[in-house]
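Biologist: I'd like to go through the strands and helices of this one with you. Could you take me through it piece by piece?

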Amino acid sequence: MAESVAHASGKLMLAGEYAVLFEPGRCVAVAVGEVASARWSAGPTPTLTLDAYDTVRSWPLSAIPSDQLMGFIGAALAAVGHGRLPPGALHVRVNGQLGGRKFGLGSSAATTIAVLRATLIARGKATPPAQIMALAHKIHHAQQGGRGSGYDVATIAHGGCVAYERASATVHQLPWPDGVFGAALYTGTPSSTVAALRRGIDGATLGIAAIAAASDGLLAAWHGGVASQILAALATCEAAFDTLAADHPWMAPKSLQLTRTHIRRHGGVARTSGAGGGDCVLAWTDDRDRRDAIVAAWPDVCVARLPEDLAAVEAP
């Protein structure tokens, strides 16, 4: 095979933040857009070229640095068996950033999965989502020092909208409900999930329980498929997040609060995605035109409209 190309979406958590770290560890998430792509090209010069964060750099495959994204790429190559790949070069492109700032779409997980897919294809191997998820989770867990739930690699590996349970490492794909429209608005403030976990949420037992209950409520409403009930459940999830953030004010910086105010002022339901601290806030509504008006009026970067047709983000 002269060339193998693979792509990977990003991810956004809809519900279950922090609670996903505790038993049974459930959350709801969605794959969005294309955050990373990888291309393995046959040739005599074994190099890695990384196009990410407004910079293009290259290294010999035998001397890939171990920091930041390069560490994930190197670990993915090792997992696939670099020595068993045909001679060639790897080119990786990462989107989901502006001026070097990440949006919080899971660029490291997407990069890992894109590299795994491309190199497994180059080896002539099948790449079922469960296998990709298992390999990527092992890599991601190690590179992040044992932190994290694995929901990001699970969501990106399977695509679409998913219910994930960490304790059993199970993924159930969910249909997109009729009459529910969403968009992700970037707050302008980057946030690190690893840094958030290092801060700790000691003494937050009641807050975590409220988030877990709200997440389960959203999943039940999602299965029910009634738009008004789904929007109400999303609002309940945000109220549970606010209860936790009241004791951890770094979770809701001014940029995040302003984004939520914008969404609500235009008639939408605001839902902080993930650990808070910045990155994205999701705007939800039961009217497509209202969703588009929220996006059009937002003065910063709109990351993505959440897909009513999930075919665009389904795993291959």
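Modeller: Gladly, and please keep in mind that this is a predicted model.

Biologist: Which residue stands opposite Ala 304 in β13?

Modeller: That is Ala 184, which stands opposite Ala 304.

Biologist: And in what order do the strands of the sheet come?

Modeller: The order is β11-β12-β10-β13, four strands that form an open sheet with antiparallel pairing. The edges are β11, residues 269-272, and β13, residues 302-306, each of which pairs on one side only. From one strand to the next, the twist averages 25°.

Biologist: Which helix packs on the sheet, and which strands does it touch?

Modeller: Helix α7, residues 227-247, packs there, touching β11 and β12 (280-285), and its direction makes about 45° with that of β11.

Biologist: Switching to the helices, how do α6 and α7 pack?

Modeller: Helix α6, residues 205-224, packs with α7 at an angle of about 170°, and their axes are 9 Å apart. Angles over 145 degrees count as roughly antiparallel, so α6 and α7 are roughly antiparallel to each other.

Biologist: Which residues make that contact?

Modeller: From α6 they include Ile 208, Ile 211, Leu 218 and Trp 222, and from α7 they include Ile 230, Leu 234, Phe 241 and Leu 244.

Biologist: How many residues of that contact are nonpolar, polar or charged?

Modeller: The contact of α6 with α7 has 14 nonpolar residues, five polar and no charged.

Methods: Residues are numbered from 1 along each chain as its sequence is written. This is a predicted model: local features need pLDDT of at least 70, side-chain atom pairs count only at pLDDT 80 or more; totals for chains, interfaces and linings use all residues. Side-chain values use heavy atoms; hydrogens and water are left out. Two strands pair if DSSP finds at least two bridges between them. Helices (H or I, at least four residues) and strands (E, at least two) are DSSP runs, numbered from the N terminus. Axes are lines fitted to C-alpha atoms, for helices over the stretch in contact, and angles run from 0 to 180 degrees between N-to-C directions. Contact means heavy atoms within 4.5 Å. Angles under 35 degrees count as roughly parallel, over 145 as roughly antiparallel, 65 to 115 as roughly perpendicular and the rest as oblique. Ala, Val, Leu, Ile, Met, Phe, Trp, Tyr, Cys and Pro count as nonpolar, Asp, Glu, Lys and Arg as charged, and the others, Gly among them, as polar.
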